[in-house]
Amino acid sequence: MTTLTAPATPATGHPADARARRTARRKARLHWIAVHSLGLAAAAFFVLPFAFVFLTAVMSDNQALTRDLWPHPWQWSNFRTVWDTPGFLTWWRNTLVYAVSGTVLTVVSSLPVAYALAKFRFRGRNLIMVLVISTMMLPPQVVIIPMYLFWTKQLGMDGTLWPLIIPMAFGDAFTIFLLRQFLLTIPKEYTEAARVDGCGELRTLVTVIVPMIRPAIAAVALFQFFYCWNDYFGPQIYASSNPAAWTLSYGLESFKGAHHTNWNLTMAATVLVMAPVIVVFFFAQKAFIEGVTLTGVKG
Amino acid sequence: MSAAVHPLLRARRRKAALRNLAFLSPWIVGFSVFFAYPLLSTVYFSFMHYNGVNPPTWTGTKNWSYVFRDYPLFWPALRNTLWLVVVMVTLRVVFGLGVGLLITRIKTGAGLFRTAFYLPYLAPPVAATMAFVFLLNPGTGPVNHILGDIGIPTPGWFTDPHWSKPALTMLAVWGIGDLMVIFMAALLDVPKEQYEAAELDGAGSWVRFRYVTLPNISPIVMFAVVTGVIQTMQYYTQPLVAGKVASGIIGNSGQQFEPGYPDKSTLTLPQLVYERGFQRFDYGSACVIALVLFVLAMAFTALLMRRRNGFLSAED
């Protein structure tokens, strides 16, 4: 990679130069081969688990326990069996409700907060930023005992997902932080021009800023969607007493038990839980990767 | 002093203050109701005996001494966390950086490689954990079949206390996608001229990495390490699900599961909050553990904020 363009001297036809160029070319080719073989080895490590899971998902009951890695016959009906398992469709619907409403509420409630923290000057702004970053890093377990008592003993919401959805209408620290980082990159002139035109701050935010930061909104929406989709602890605390309120992440685990050692069905269920996330990712890959980059680099 | 301020100016200031308050209101409500108040309650309950049925009664520091002295799961959980911080965080950062370096050098099919490296990060944790418990199943999993065929000893993975943490580490290293993307962006930001200058001086690839790449990306390495430590202290879903599934406990059946299978080797602090609070209804001790978690997480967050002032830098 490095030596390919290194010799700057023009070719003179001298045999020594020709030999040097040949060596350089060979070195570059070897480098290409080394890098790409390493790449393939790494790709195997990352992709093979998916492949094994998928192949097992279409095996018959007994075959999943044998040494065979390749299914014969391909038992596609496993997916059907999982889909028809009582509850699975309900868990799917609950997960979707939780993830979609959670995402919408989080973005709508976090946006004005992020905007204020990025664009307004006021006393206590840095203190609020410190608090936002601190809460962003805290696990939900820190306040779970009082929160649980509050939602279940005082409001009687045990066995529902409401205790998880309602707080999302009040801003999420990570979303606020990420949107603010993005808003900082927008030059002041845009908001000032809108203000000169007589726009109120809220109108400026909705009509001028939101269209400009659409990629950032897409990124935080994806993060939040995946967070809800993957959440295990929340549904475990609030929904465990009522299977009608379970989500996929929480219900998936009961599959292993319900089907004993039927690894094929368990893996088919696993595939069905992974699939939507992967499909969403392929449609929104760019926004997602930009978002991840933002968490680490532009801080 | 207020007498000196022009009434018009004062009105405008009040309007701005109201506007700020309106924009910040979702966070102010959320922070007070869902964080500040429950945090104070957690401190309060940590000095109370409370089981959710009888009214809470004052017990002084009894919960605290129970957790630190008599609770048999506390120190194993802390030791496991330390193990995971040392091994898992290090391997994740080293591996993430390695894959990041690799991806910046791949010329053919770079997009395909990047997607392949990134995808596992997206796998829902419960699903990914169940997949790994299956892959590493000692008797019937494909990994041990393959290891057996080549004649390598086959470990018990998630069923062996010595191998359960290495198995979790493999799962964590598999999901390296986030770090890869962050490192990739950092590596592409290293000024090209510095590499060229080093090359003119005859520096080999190791010297270039050590004296050009590493100093340039060290803030990002630091960021990855500290956030890795914070995430590891909160490690919950993967060790819990791995323990449950590997032990053969029927999931969610209401059957009591003592977390940490096998032999406390996968215990982490958040699992103790669950065990104390939601399995034993000992809310007082659960709050003590929650506060330990809080203090540890805050300490590392403070470190992160000190090291990266950029976090707080604002416009103008």
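1. Is Gly87(A) buried, partly exposed or exposed? The model is a predicted one, and in it Gly87(A) has a relative accessible area of 27%, so this residue counts as partly exposed, since the class covers values between 20% and 50%. Gly87(A) sits in the loop of chain A that runs between helix H2 (77-84) and helix H3 (88-119), and its C-alpha atom is separated by 9.5 Å from that of Ala245(A), although the two residues are 158 residues apart along the chain.

2. On the surface, Leu69(A) forms a nonpolar patch together with Ile146(B), Ile150(B) and Ile152(B), and the accessible area of these residues together is about 340 Å². Ile152(B) belongs to the loop between helix H6 (142-150) and helix H7 (164-174) of chain B, and with a relative accessible area of 42% it is partly exposed.

3. Turning to the cysteines, the structure holds zero disulfides over all chains. Cys228(A) has a relative accessibility of 1% and therefore counts as buried, and Cys287(B), at 0%, counts as buried too.

4. As for confidence, chain A averages a pLDDT of 86, and 92% of the residues score at least 70. Where pLDDT is low, predicted coordinates should not be read in detail.

Technical notes
Residues are numbered from 1 along each chain as its sequence is written. Chains are lettered from A and ligands numbered from 1 in the order in which they are written. This is a predicted model: local features need pLDDT of at least 70, side-chain atom pairs count only at pLDDT 80 or more; totals for chains, interfaces and linings use all residues. Side-chain values use heavy atoms; hydrogens and water are left out. A disulfide is a pair of cysteine sulfur atoms within 2.5 Å. Buried means under 20% relative accessible area, exposed over 50%, partly exposed in between (1.4 Å probe, protein chains only). Patches are made of residues with over 30% relative accessible area and no salt bridge: like charges are joined within 9 Å, nonpolar side chains (Val, Leu, Ile, Met, Phe, Trp, Tyr) within 5 Å. Accessible areas come from the Shrake-Rupley method with a 1.4 Å probe; for residues, only the protein chains shown count as cover. A salt bridge is a side-chain nitrogen of Lys or Arg within 4 Å of a carboxyl oxygen of Asp or Glu. Helices (H or I, at least four residues) and strands (E, at least two) are DSSP runs, numbered from the N terminus. pLDDT is the predictor's confidence in each residue, from 0 to 100.
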